[in-house]
Amino acid sequence: MSKSAILKDVVVLELAFMASGPMCATLLADLGAQVIKIEPPKGGDMFRFMPPFGQTEHAGENVNGAFLSINRNKRSLALNYRKGIGKDTLLSLIQQADVLIEGFKPGSMEKWGLNYDSLRQLNPRLIYCHISGYGLTGPDATRMQHEGNLAALSGLIDSFAPAPAIPHLAPGLSMVGAYTALSGILAALLHRTQTGEGQLVDIAVLDALMGLQAPAAGELHNCDHPRQGQAFMQGEWPRNALYQCACGHYLYFGAGEHRYYQGFLHQVEREDILDIDDPHQQTQALRALFLSRSRADWLADFGDTDYCISPVNRLDQALQEPQVKSRQPLQYVKSAKGEHISLGTIIKLSAHQPPIAQPAPKLGQHSKMVLQEFGIDDEQIQALETTRQLLQKD
């Protein structure tokens, strides 16, 4: 079977920042799209120098590793595009682009004359993807928010903390917005091949998080034990829970199917637990059972069985898992400043040849090259530099 880059002729302009939008663009780059990350000349994507690990140019330009991890295989154009000649330049690019991804608060792009209704007049084939916390509609659409606000509102933080534990943040949840946006963009590209028309893709990260809650919400509405910590999907049903071991470490026990649960209890000679009707009392019995041995002992005897027993890893331990190392969802990429961790090829397709991993670009690293490729003449590029609306990083 021959392999080629599936989206090799697709041009993506990324006007997003932080996590969801940039990661979506990276996933499109993995599929072969040409992604141009358009950033403000002063500071760029705020994720670049986000403290505590990032430092601005004036403090030594130490780019945050989180930024590096989700911005590979892109080119950076540092352009002030909100008005004047900078905006005219951006419009020239949009006229030739296939996809635009933006992550501004609803109303901002409209204020700058860069909203979908304006741009589709310029390029009817444009697929315009908006990603924000609350999306373009609803009473909270224009409210300021961060990932933690959305995780809190969605009920996921509460779901992750069975009573009486104190709720805690679960970092990275907003990334689900990247995959939701990817699905929408790919569907819109397919629609365009059928009709020749672009469209608006409106993604709210809160919608995506609520989508994750669908199974738990179904239990909440229908099952006999809807309260926090009592439903299977909320992770406190006896055979779908975390248990501490004698060594102090935790493991996950997920023998959800009755035959596996029964088989496990038979092997450990504790079939009496099956006779306990109350799920909380079953959980207490299992807690005592798992506390009787170290995690290493449990994994040695049951780690390779169908009883679904896994260690609760730290991130550094997860990176060393044989399955993770084999498929490389994260990989090491070399840059001028050394080696760093980056997103690997998450979506593996048999007829697709993923591009060779390139490190995240420096701010403005490809500014002139990109503009020249889009037909912007040297006089206009010079004018942009003279008025400090363009940054070229040598």
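In which helix do Asp 117 and Arg 120 both lie, and how many residues apart are they? Select the two residues in this predicted model, and you will find both in helix α5 (residues 116–122), three residues apart, which is about one turn of the helix. Their side chains meet in a salt bridge, with an N to O distance of 3.6 Å. Colouring by accessibility shows Asp 117 as partly exposed, at 47% relative accessibility, and Arg 120 as partly exposed too, with a relative accessible area of 38%.

Next, select Glu 385 and Lys 368, whose closest N and O atoms are 3.4 Å apart in a salt bridge. This pair links distant parts of the chain, since Glu 385 belongs to helix α17 (residues 378–386) and Lys 368 to helix α16, 17 residues apart. Glu 385 is partly exposed at a relative accessible area of 26%, and Lys 368 is partly exposed at 30%.

From there, select Glu 14, Lys 37, Asp 45 and Lys 74 together, which salt bridges with shared partners join into one network.

Now move to Glu 373 and Arg 75, where the side chains form a salt bridge at 2.9 Å, N to O. Here again distant parts of the chain are linked: Glu 373 sits in helix α16 (residues 367–373) and Arg 75 in strand β3 (residues 75–79), 298 residues apart. Glu 373 is partly exposed, with a relative accessible area of 47%, whereas Arg 75 counts as buried because its relative accessible area of 17% falls under the 20% cut-off.

To continue beyond these stops, note that a search of the whole structure finds 13 salt bridges.

How values were computed: Residues are numbered from 1 along each chain as its sequence is written. This is a predicted model: local features need pLDDT of at least 70, side-chain atom pairs count only at pLDDT 80 or more; totals for chains, interfaces and linings use all residues. Side-chain values use heavy atoms; hydrogens and water are left out. A salt bridge is a side-chain nitrogen of Lys or Arg within 4 Å of a carboxyl oxygen of Asp or Glu. Helices (H or I, at least four residues) and strands (E, at least two) are DSSP runs, numbered from the N terminus. Buried means under 20% relative accessible area, exposed over 50%, partly exposed in between (1.4 Å probe, protein chains only).
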